[in-house]
Amino acid sequence: MAVPESEQLLPEPELVKFLGELGSWQRDGQTLTRTFTLKGWKSAMAFANRVAEAATAADHHPDIHIERYKSVRIVLTTHVTKGISRADIDLAKAIDAIANG
């Protein structure tokens, strides 16, 4: 089975460049992670649902963790290639747009 171009592992120099553009996202091994703190339970759940909608539209699904009732931790990785791909970078940017929007 061929891996779509957007889900192929990013070469390290390209990954470093994209990480510089992402700001608050942290690299943790072969994942990108960011925690968003919202006003409360309802806003955290609404944000998680908006992220889920964006992930479904992108056909790229992160781990979404609701923590301490108002924090949403997102973990991105591309499972098929066991690392960070352009699909992760693109979804991170889409999630940032949701958070800022």
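Accessible areas here come from the Shrake-Rupley method with a 1.4 Å probe, and for residues only the protein chains shown count as cover. On that basis, the accessible surface of the chain comes to about 5900 Å², of which 53% belongs to carbon and sulfur atoms.

Please keep in mind that this is a predicted model, in which local features need pLDDT of at least 70 and side-chain atom pairs count only at pLDDT 80 or more, while totals for chains, interfaces and linings use all residues. Residues are numbered from 1 along each chain as its sequence is written, and side-chain values use heavy atoms, with hydrogens and water left out.

Reading along the sequence, we find the pattern α-β-β-α-β-β-α, with helices (H or I, at least four residues) and strands (E, at least two) taken as DSSP runs and numbered from the N terminus.

The four strands form an open, antiparallel sheet in the order 1-2-4-3, where two strands pair if DSSP finds at least two bridges between them. Its edges are strand 1 (26-28) and strand 3 (63-67), each of which pairs on one side only. Strand 3 is joined to strand 4 (residues 71-76) by five bridges in the antiparallel sense, and among the pairs, Asp63 has Val75 in strand 4 as its bridge partner.

Turning to the overall dimensions, the chain has a radius of gyration, taken over C-alpha atoms, of 13 Å, which agrees with the value near 13 Å that a compact globule of 101 residues would have, the globule rule being 2.2 Å times the number of residues to the power 0.38. The C-alpha atoms fill a box of roughly 40 × 30 × 20 Å, taken along the principal axes.
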